Protein chains: 2
Amino acid sequence: MNHQIFDFVGGETGLWRVLKIETVVGQPIQQVPFLNIVQSTGIPHSSNGWVLKGFRSNTRYTERLELDQLIAIQAELGRTEAICAALIPIRKTEAWWALAQDERRKIFEDQSKHTATGLKYLPAIARRLYHCRDIGEPFDFLTWFEYAPEHAEAFEELVHHLRGTAEWQYVDWEIDIRLIQTDK
Amino acid sequence: MNHQIFDFVGGETGLWRVLKIETVVGQPIQQVPFLNIVQSTGIPHSSNGWVLKGFRSNTRYTERLELDQLIAIQAELGRTEAICAALIPIRKTEAWWALAQDERRKIFEDQSKHTATGLKYLPAIARRLYHCRDIGEPFDFLTWFEYAPEHAEAFEELVHHLRGTAEWQYVDWEIDIRLIQTDK
């Protein structure tokens, strides 16, 4: 068992009910009615759907000042009122991965204000990033968001804004999955 | 099969004969006579030794100018004359991982000149970095070096120099494994 890899299992059962799965860019993925998030065991799932794997890691672009702001205002996952969720798998182009660290940072923050934008929506919209590229997965990143229904509009603003940035010109595959807790 | 994860298998057989395994800092690991490097299949190895897993990834600190210099001078692995190798697994402290990107970069390059030092020994000493922290491995990084016998002294200089840097104050576990090709 690898405690750092998580499986996002789309299938017939799950703690999260899928409201919609939309293809923003690239190939669609299979429609499924439910999603579960579990620690990866290495044992294949019997689901008739799909499994996306990702691991949490250290931050790659966040500088000290930004990190301090994030820590001061961060929101935990699993808040009772945050019954809405989104899972957004993305893949970035080879051109992105061929860039050097300083070039990626410039696009990510100086031009696209990725962290600054996320901060604006905290603590309403909690967010957790999972990395997948390094373990041979089809997507490069999975981002998981949780928020209360009254912040649904703010969430739309956030994703709309990010999709208009210079950074997003390097995104060549993006799926937008919206979910709601099944016991609510 | 995950084509991006590699297994460094220490055991009774292998393409590389182990000359010595020294503990630089932290706990020793089991002595083994041979090492093999294979793509990870997920199937456990029958070796009576150990398996260290790591994946290659994009660079995390290298800036454009440095990357251009590295690309211009880089040395491939597997050169006929490079029959000497070293495998150096290291773990960094929690204090390192709690640093922000700009703080890690400052220590890594501005203070420790990690990339600049590596460049000085290219193309004589070829080097490949594997990441392990994110997949739940005991070490954070495995670095693999290959060089010809006439550059053995230069290699000692390189590792001695790195161990004296500010970056290395964050290394709390380091094993130094020296090897030679079995068919030479």
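So, the lining of the largest cavity: its residues divide into 3 nonpolar, 2 polar and 4 charged.

Quick housekeeping. What you see is a predicted model, where local features need pLDDT of at least 70 and side-chain atom pairs count only at pLDDT 80 or more, while totals for chains, interfaces and linings use all residues. Residues are numbered from 1 along each chain as its sequence is written, chains are lettered from A and ligands numbered from 1 in the order in which they are written, and side-chain values use heavy atoms, with hydrogens and water left out.

Back to the cavity. By that I mean a set of points, on a 1 Å grid over the protein atoms alone, where a 1.4 Å probe fits but cannot get out; lining residues have an atom within 4 Å of a point. Points are joined across faces, edges and corners, and the volume is the space filled by probe spheres set on them. Searching the whole structure turns up 1 cavity of 30 Å³ or more, and the largest cavity holds about 50 Å³ of space. Who lines it? From chain A we have Arg60(A), Trp97(A), His131(A), Cys132(A), Arg133(A), Asp134(A), Asp140(A) and Phe141(A), and from chain B there's Asn58(B).

Superposing by least squares on the C-alpha atoms of residues with pLDDT of at least 70 in both copies, chain A goes onto chain B with an RMSD of 0.0 Å, by a turn of 180° and a shift of 0.0 Å along the axis. That's the relation of a two-fold axis. Which residue of chain A comes closest to the rotation axis? Arg60(A), with its C-alpha at 3.6 Å. And 100% of chain A's interface residues are interface residues in chain B too, so the copies meet through the same surface.

Phe141(A), another lining residue, takes us to strand S7 of chain A, residues 141-147. Strands here are DSSP runs (E, at least two residues), helices likewise (H or I, at least four), numbered from the N terminus.

Strand S5 of chain A, residues 84-92, pairs with S7(A) antiparallel over 7 bridges, and Pro89(A) has Leu142(A) as its bridge partner. Strand S6 of chain A, residues 126-131, is joined to S7(A) by 6 bridges, also antiparallel. There, His131(A) is bridged to Phe141(A), and both of those residues line the cavity.

Most residues other than glycine have a negative phi, and most peptide bonds are trans. Against that, the bond from Leu122(A) to Pro123(A) is cis, omega near 0°, and so is the one from Leu122(B) to Pro123(B). Pro123(B) sits in the loop between helix H4 (114-120) and strand S6 (126-131) of chain B. Leaving aside neighbours within four places in sequence, Pro123(B) is in contact (heavy atoms within 4.5 Å) with Ile73(B), Ala75(B) and Arg79(B).

Then there's Lys113(A), with a phi near 50°, positive in a residue other than glycine. Lys113(A) is in the loop between helix H3 (101-111) and H4 of chain A, partly exposed at 44% relative accessible area. Lys113(B) also has a phi near 50°, and comes out partly exposed at 43%.

Trp16(B) stands opposite Leu35(B) in S3(B) and opposite Gln181(B) in S8(B).

Conventions: Buried < 20%, exposed > 50% of the residue type's maximum accessible area, 1.4 Å probe, protein only. Pairing = 2+ DSSP bridges. 1 Å grid on protein atoms, 1.4 Å probe; cavity = no way out; pocket = protein on both sides within 12 Å on 5 of 7 lines; lining within 4 Å. Nonpolar A, V, L, I, M, F, W, Y, C, P; charged D, E, K, R; others polar.
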